[in-house]
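Hi,

Here is the structure I promised to pass on. My notes follow it, and I hope they are handy when you open the file.

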Amino acid sequence: MVLPMPSIPGGSPTAYTLSMRKPLTALILVQAFVCFMKIMGLDFLGGLYAGIVVGLGYYALNNGMDVQILMYYGMMCLMNGVFDLVRLLDVLFKSPLPLFAAKLGVMYNLGSLAVVLAPICGGCGAYVAYKIYQDQQNGGSSLYSSQGQPASYSQGLPTHYGTSSTHKFAPFAGNGTRLGERETVPLLFMHEGDATSPPTRLATLRESGHVARA
């Protein structure tokens, strides 16, 4: 069975994507800690998956917030987050030992902390990737310019957009003419660039005898 996959946006990252660099760096550092504690707890398969997530995140950060790699990072975070949530529930309801206990030593408590942090980090990573995906699909429309308007709204619009036009439509403008009555003006006497208004020019032609009533 082939699962439908959303189209992965490409192109250069938007300003919102670049602004998520520091939060994403902090998240990847926490995920690196989770990966280390899984390996220390002999969970090599879980450590491998966590290492892949950390590697994808580091690669995206190191390549200027590569959008496609961030999408793969988000999908891996989502899958790992589901598995880690199942493991956390298993520890909470089936383990004979408490989740945290001072008498069990530092390593035990650090391992338990990693078990708690793993699904949280997975969910956060998937959420960040989803927000970046939405922003890329909208062309950065979730960002705001210095005037408080969305960046896509404040850029690329005509200067008269949103302002009332000074030109008003005047219906039935001009002189009325009865049916069957028309006036013929030879084009020979209409000079290009003549500033005389049509009624005045027509009266002048009539006086000179060039125009006759039909």
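Is C121 buried or exposed? C121 is buried, with a relative accessible area of 6%, where buried means under 20%, exposed over 50% and partly exposed in between (1.4 Å probe, protein chains only). C35 also counts as buried, at 11% relative accessibility.

Please keep in mind that this is a predicted model, in which local features need pLDDT of at least 70, side-chain atom pairs count only at pLDDT 80 or more, and totals for chains, interfaces and linings use all residues. Residues are numbered from 1 along each chain as its sequence is written, and side-chain values use heavy atoms, without hydrogens and water.

On the cysteines: a disulfide is a pair of cysteine sulfur atoms within 2.5 Å, and the count is 0. The closest cysteine sulfur to that of C121 is in C124, 6.5 Å away, which is too far for a bond.

The protein has 7 helices and 0 strands, taken as DSSP runs (helices H or I, at least four residues; strands E, at least two) numbered from the N terminus.

The axes of α2 (residues 21-40) and α5 (residues 106-137) come within 8 Å and cross at roughly 140 degrees; axes are lines fitted to C-alpha atoms, for helices over the stretch in contact, with angles from 0 to 180 degrees between N-to-C directions. Residues in contact (heavy atoms within 4.5 Å) include L24, F33 and M37 of α2 and L117, C121 and C124 of α5.

Buried residues make up 28% of the 214 in the protein.

Best wishes
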